[in-house]
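Let's take a friendly walk through one protein chain. Have a look at the sequence and the model, and then read on.

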Amino acid sequence: MRPSGAASHLSLFERPGEFSRTLPGTGRGESPRLRPAGAYHRRMRAWAAAAVVLGVLLLAAGSAVAAAALGVRIVPPAPRQGDVAVVFVAGAQGARQVEGSLGGRALAFFPYGEGWAALAGIDLEARPGKTPWRIGVVDAGGQGRQLRGSATIRARRFPVQRLTLPGHMVDLDPETERRAESESARLRTLYETATPERLWRGRFTRPVGTEGKGEGFGARRIINGQPRMPHSGLDFSAERGTPVVAANRGRVALVADFFFPGLLVALDHGLGLYTLYMHLDRVDVAEGARVERGEPIGAVGASGRATGPHLHFAAQVRQARVDPAALFGVPLGD
Ligand SMILES: [Zn+2]
């Protein structure tokens, strides 16, 4: 079964929902505007070079100890909806604790180079415009410093896909509706859990060896005239049986066979970062197992609600639904 107007296979597990903003554009003919990884890296480097370092010395009044200036740098400084930004903190060497938030989401910092870093997920439906951030540092002597500012979230133009499908593929009976709701609640509970150890290292790798760059992240889908929740992953068309590999080091947090996603694997990379692999034909790993980047975890299939064999690959950072392609461009070396 192929949907009308679609070039390749896709997932159909977006539940009915309201769009949070006015629909952009008219739909047909628009395509996802994803940049290739090379361009993404160049853009990241350009942003890094242009980023303004905000060095502000916030010493408590009367303190006789000169602390290094606390600097915060956000790369990219003006992330788009669905981006994964990196928040770098300098001047906090030897700190007992570094914590903070951006856009109301907690940041999980880890030591990086001479300083600290945290991934900040910008949800695909984050409100464009200025959003506050706050960084708090407790130094080795127990003294606290804080820095506040704001970042600008840029709107991104997402494609609109209008699909016409047989009613039985779209309308659910009450029992199936309840099952689907309890399954998505289970996934939400998983994403709420931020395990304290950072398991991922270095670059994120593509989960399938196909040529295509993945389609449909953020697509607003209108199925049989009814708006659905935005599509929160990338669909990679591939033949059934194509190996699926872990995008980075992690722990298998969930193996399940759910109604919409079908056979799925969720990898916990630590600090609230998860990657999801759905519509699988086969799973080769067990819950609790540690996997390395590039290690096979299963095979492409069409399980669950899918129009044909493809991998639905998604990522969440502290419950923000982010573009997995943005993960491939995270500018961290280890
Ligand atoms: Zn999908």
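## How the chain comes together

Among contacts in the chain between residues at least 6 apart in sequence, 71% join residues at least 24 apart. Here, two residues are in contact if their C-beta atoms, placed from the backbone, lie within 7 Å. Of the 334 residues of the chain, 41% count as buried, a label that calls for 20 or more other C-beta atoms within 10 Å of a residue's own, with C-beta atoms placed from the backbone.

This is a predicted model, where local features need pLDDT of at least 70, side-chain atom pairs count only at pLDDT 80 or more, and totals for chains, interfaces and linings use all residues. Residues are numbered from 1 along each chain as its sequence is written.

The pLDDT is the predictor's confidence in each residue, from 0 to 100. Its mean over the chain is 84, and 80% of the residues reach 70 or more.

| Stretch | pLDDT | Contacts in the model |
|---|---|---|
| residues 1-7 | under 50 | 14 contacts beyond four places in sequence |
| residues 44-66 | below 50 | 30 contacts beyond near neighbours in sequence |

The chain has four helices and 21 strands. These are DSSP runs numbered from the N terminus: helices are H or I, at least four residues, and strands are E, at least two.

Three strands form an open sheet in the order β10-β11-β12, with mixed pairing; strands pair if DSSP finds at least two bridges between them. β10 (160-163) and β12 (226-227) stand at the edges with a single partner strand each, so one side of each has no neighbour in the sheet. Strand β11 (residues 220-223) pairs with β12 in the antiparallel sense over two bridges, and I222 stands opposite P227 in β12.

Conventions:
A residue is buried if 20 or more other C-beta atoms lie within 10 Å of its own, exposed if 12 or fewer, and partly exposed in between; C-beta atoms are placed from the backbone.
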